[in-house]
Amino acid sequence: MKNILDSLKSPDGTFDKTSKFYVDLKNDFTFHSSAIEGSQISKMDNLKLITDPKSKSHLFNQYPRKHVIENENLIHAFDYIMDTYNELLTIKYVKLLHKKLCWNSPDLNERDELAGEFRQHDVQVDTHLGARPSYISTLMKKLLEETPKKMTINDVAKFHCEYEIIHPFYDGNGRTGRLLMLKHCLQNNIQPFYIEEFNKKEYYLGIEYYQTTNRIDVITKYFINQQNRFFEKYSSKTKEYVV
């Protein structure tokens, strides 16, 4: 499968952020990643945040302040990933990404947690208890050290599951994890994809299956399906985008 994002890269490997392809992809990725976490902002209004940042003041009157801030932060964090996809993934990089994503986050401020820093408190998502705070740095270092330099879709799936199981931050783990997943795809010339809100249950089931069995076949199958959906959506419009 041809990586259709390659057609948008300039000779120096950067992306044209003004292209329709880039704007549509950013809207698709950020809208769905936010919606998965409960954001009420519509896809059309998410696009307004991208194309007309000044619209934010009006959105504060329509949506919870938390949702507007988080969507705006995710949009900026998406650009950061696209600008730095070839950079080495380090603890410092992960923390900086989280800082961009959760800047001025009401949830963190209320719980005395900091954007860009590993959490100081225990956290539970449904029945899953994240790693104890005292172990997070060690586990994250181990995860990064054991990640292959040249990754396959299986490696991307395993990294994502391990990251979500560690749950290194008090908030924003799903969104940072999905951004890192995009970075891994771009860095390793793997057909990119994004998680969609309508089939998020399959996504969560894949992570839970890995957690209980240590097998990545379910989540990998889901990722490959999302790759195919991505390719079908964008490949038919590549000429329109590139012109």
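This report describes helices, nonpolar cores, salt bridges and selected loop residues in a predicted model.

Helix 1 covers residues 20–36. At 1.5 Å a residue, its 17 residues should span 24 Å, and the end C-alpha atoms are 24 Å apart, which agrees. Helix 1 is mostly covered, with 16 of its 17 residues buried. Gly38, whose phi is positive and near 100°, follows the helix.

Helix 10 runs over residues 200–213. Its 14 residues should span 20 Å at 1.5 Å a residue, and the distance between the end C-alpha atoms is 20 Å, in agreement. Tyr203, Gly206, Ile207 and Tyr210 are buried in helix 10. Viewed down the axis of helix 10, the buried residues fall within an arc of 90°, so they line one face of the helix. Lys201 and Thr212, on the other side of helix 10, are exposed. The packing partners of the buried residues of helix 10 are helix 8 (153–166), helix 9 (173–187) and helix 11 (217–235). Asn214 follows helix 10 and has a positive phi, near 65°.

In soluble globular proteins, nonpolar side chains tend to be buried together. In this model, the largest nonpolar core has 55 residues, and Leu25, Leu179 and Phe223 have the most contacts inside it. At least two residues of this core come from each of helix 1, helix 4, helix 5, helix 7 (133–146), helix 8, helix 9, helix 10 and helix 11. Helix 8 gives the most to this core, namely eight residues.

Leu179 can be described through its contacts. With neighbours within four places in sequence left aside, Leu179 is in contact with Phe29, Leu74, Ala77, Phe78, Ile81, Leu97 and Leu101. Another core, of eight residues, lies apart from the largest one; Ile41, Leu59, Val68 and Ile75 are among its members.

Asn71 lies in helix 4 (residues 65–83). Its relative accessible area is 1%, and it is therefore buried.

## Salt bridges

Side chains of opposite charge can pair when their charged atoms come close. The whole structure contains 17 salt bridges.

| Pair | N to O distance | Relative accessible areas |
|---|---|---|
| Lys43 and Asp28 | 2.5 Å | Lys43 31%, Asp28 2% |
| Lys95 and Glu117 | 3.7 Å | Lys95 22%, Glu117 37% |
| Asp171 and Arg175 | 3.4 Å | Asp171 17%, Arg175 4% |

The side chains of Lys43 and Asp28 meet in a salt bridge. Lys43 lies in helix 2 (residues 43–51) and Asp28 in helix 1, so the pair ties together parts that are 15 residues apart in sequence. Lys43 is partly exposed, whereas Asp28 is buried.

A salt bridge also joins the side chains of Lys95 and Glu117. Lys95 belongs to helix 5 (residues 91–101), and Glu117 to the loop between helix 6 (106–110) and strand 1 (124–125), so the pair ties together parts that are 22 residues apart in sequence. Lys95 is partly exposed, and Glu117 counts as partly exposed too.

Asp171 forms a salt bridge with Arg175. Asp171 is buried, and Arg175 counts as buried as well. These two residues belong to a network of salt bridges that links Lys66, Glu70, Asp171 and Arg175.

## Loop residues with positive phi

Asn104 is not a glycine, yet has a positive phi of about 60°. Asn104 sits in the loop between helix 5 and helix 6. With a relative accessibility of 43%, Asn104 counts as partly exposed.

Asn189 likewise is not a glycine and has a positive phi, of about 55°. The loop between helix 9 and helix 10 holds Asn189. The relative accessible area of Asn189 is 47%, which makes it partly exposed.

How values were computed. Residues are numbered from 1 along each chain as its sequence is written. This is a predicted model: local features need pLDDT of at least 70, side-chain atom pairs count only at pLDDT 80 or more; totals for chains, interfaces and linings use all residues. Side-chain values use heavy atoms; hydrogens and water are left out. Helices (H or I, at least four residues) and strands (E, at least two) are DSSP runs, numbered from the N terminus. The expected span of a helix is 1.5 Å times one less than its number of residues. Buried means under 20% relative accessible area, exposed over 50%, partly exposed in between (1.4 Å probe, protein chains only). The arc is that of the directions from the helix axis to the C-beta atoms. Contact means heavy atoms within 4.5 Å. A nonpolar core is a set of buried Ala, Val, Leu, Ile, Met, Phe, Trp, Tyr and Cys residues joined through side-chain atoms within 4.5 Å.
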